[in-house]
Amino acid sequence: MSVVGIDHVQLAMPSGREAEAQAFYEGLLGVQRVPKPPHLEVRGGCWFESDTVKIHLGVEDPFRPARKAHPALIVDGLAALVERLQAAGVTVRDDEPLEGHHRVYVDDPFGNRLELMEPSAPRS
């Protein structure tokens, strides 16, 4: 028996701000919004998924953003993504180098911390 993967990461969001979540996660990061199952849709929040990434945002009241805990997302084209985020007014923070990766931190519209990483060597 062993853990073999992660199905999704869930982050918290405030109630009623799904449009902001969609503008950020789908519009800027490029992860498509997918419908939640009807029995979960009534709770609010939204899901974003691709073949390799699943980020679920659930409503939390009272809301508190994750400022230290965070998902680290592997990206392709980090420099271009940083430019797109900055053009949209998102603050991008550099951090100490991590061997084998270029990386930055950003906050989603609700203050949740995200790490964006790109391997510095080509993947095989």
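1. Y25 has a relative accessible area of 0% in this predicted model and is therefore buried, where buried stands for under 20% relative accessible area, exposed for over 50% and partly exposed for what lies in between, with a 1.4 Å probe and protein chains only. Y25 and F48 form a stacked aromatic pair, 5.3 Å centre to centre with 25° between the planes; rings of Phe, Tyr and Trp (its six-membered ring) pair if their centres lie within 6.5 Å, and planes under 30 degrees apart count as stacked, over 60 as edge-to-face and the rest as tilted. Because Y25 lies in helix α1 and F48 in strand β3 (residues 46-49), the pair ties together parts that are 23 residues apart in sequence.

2. On the basis of the model, residues are numbered from 1 along each chain as its sequence is written. Since the model is predicted, local features need pLDDT of at least 70 and side-chain atom pairs count only at pLDDT 80 or more, while totals for chains, interfaces and linings use all residues, and side-chain values use heavy atoms, with hydrogens and water left out.

3. A search of the whole structure finds two aromatic pairs. In the pair of F24 and Y25, the ring centres are 5.0 Å apart and the planes stand at 85°, so this pair is edge-to-face. F24 counts as buried because its relative accessibility is 3%, and F24, Y25 and F48 form one aromatic cluster.

4. Helix α1 covers residues 18-28, and its buried residues include E18, A21 and L28; helices (H or I, at least four residues) and strands (E, at least two) are DSSP runs, numbered from the N terminus. An α-helix has 3.6 residues a turn, so residues three or four places apart point the same way. After α1 comes G30, which has a positive phi, near 80°.

5. Four strands make up an open sheet in the order β5-β8-β7-β6, with mixed pairing, two strands being paired if DSSP finds at least two bridges between them. Its edge strands, each pairing on one side only, are β5 (72-74) and β6 (93-94). Strands β6 and β7 (residues 101-107) run antiparallel and are joined by two bridges, and V104 in β7 is the bridge partner of D94.

6. The charged end of R113 sits over the ring of Y105, 4.0 Å from its centre, which requires NZ of Lys or CZ of Arg within 6 Å of the ring centre and within 35 degrees of the ring normal.
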